[in-house]
Amino acid sequence: MSIKISKKNIKLFQESLLNWFEKSGRHHLPWRMEGLTSFEIVIAEVLLQRTKAGTIERFYLGFLDSFPNWDVIATTGTGKIEEYLKPIGLYRQRAKRLKDLAVEMVNRKGVFPFQRKELEKIPFLGQYIVNAILLQIFDTPTPLMDVNMARVLERYFGKRKLADIRYDPYLQELAYQVVNHNSSKKINWGILDFAASICKARKPLCEKCFLSNTCKFYKEH
């Protein structure tokens, strides 16, 4: 499928978002620092799923102190991991996932493959975390597609057709076009930060939005 989005619109979106991100992005988040290991990056993504960044920001570094590598998680009882994760919720689901993934990664000597097809063979890695690995570990322009990114892209460029964002061809191709940039990580993070602070789900702050003049959602509302 080839979507009909002008390159001019995509470039405008990219440039405007990057300018905003430099001034207003959440640069302080510890999982966005330079020099992180693949373990530190993936742990952050697992913890962030269905949880606000502010909650994980207060929790993340302490978790790494207690569980500094895959071996420690793999050899720790699931009950103990659950107890540690209770403050951020979803602790049973997260503990099992982390434990199972840690066992797998110990068997792989902590090395993630760099091909998507090989990453997708690893149990417990869904589309989002596979994309995060490709983007943040292997510097491959890949979208961090979640409901927040979907909301921003759909409001600005136009709505998707399918309910599941993972399989909508229009939204997926659009997202890849938008993040296909030398600053792909910053564009991804910028979209997520913009979704959290301005393009909110229930009450978007359109009057404060730097994209409102060219936004489909704003024009229609």
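Which residue forms a salt bridge with R108? The legends below lead to the partner. This is a predicted model, in which local features need pLDDT of at least 70, side-chain atom pairs count only at pLDDT 80 or more, and totals for chains, interfaces and linings use all residues. Residues are numbered from 1 along each chain as its sequence is written, and side-chain values use heavy atoms, with hydrogens and water left out.

**View 1. R108 pairs with E104 in a salt bridge.** The closest N and O atoms of R108 and E104 are 2.9 Å apart. A salt bridge here is a side-chain nitrogen of Lys or Arg within 4 Å of a carboxyl oxygen of Asp or Glu. By this rule the model has 11 salt bridges. R108 is partly exposed, at 30% relative accessible area (buried means under 20%, exposed over 50%, partly exposed in between, with a 1.4 Å probe and protein chains only).

View 2. Helices (H or I, at least four residues) are DSSP runs, numbered from the N terminus. K96 is exposed at 53%, while D100 is partly exposed at 23%.

**View 3. R26 meets D193 in a salt bridge.** The N to O distance is 2.7 Å. R26 sits in the loop between α1 (7-24) and α2 (38-48) and D193 in helix α12 (residues 184-197), so the pair ties together parts 167 residues apart in sequence. R26 is partly exposed at 24% relative accessibility, whereas D193 is buried at 2%.

**View 4. R26, R32 and D193 are linked in a network of salt bridges.** Side chains of opposite charge can pair when their charged atoms come close.

Conventions: Helix = DSSP H or I, 4+ residues; strand = E, 2+ residues; numbered from the N terminus.
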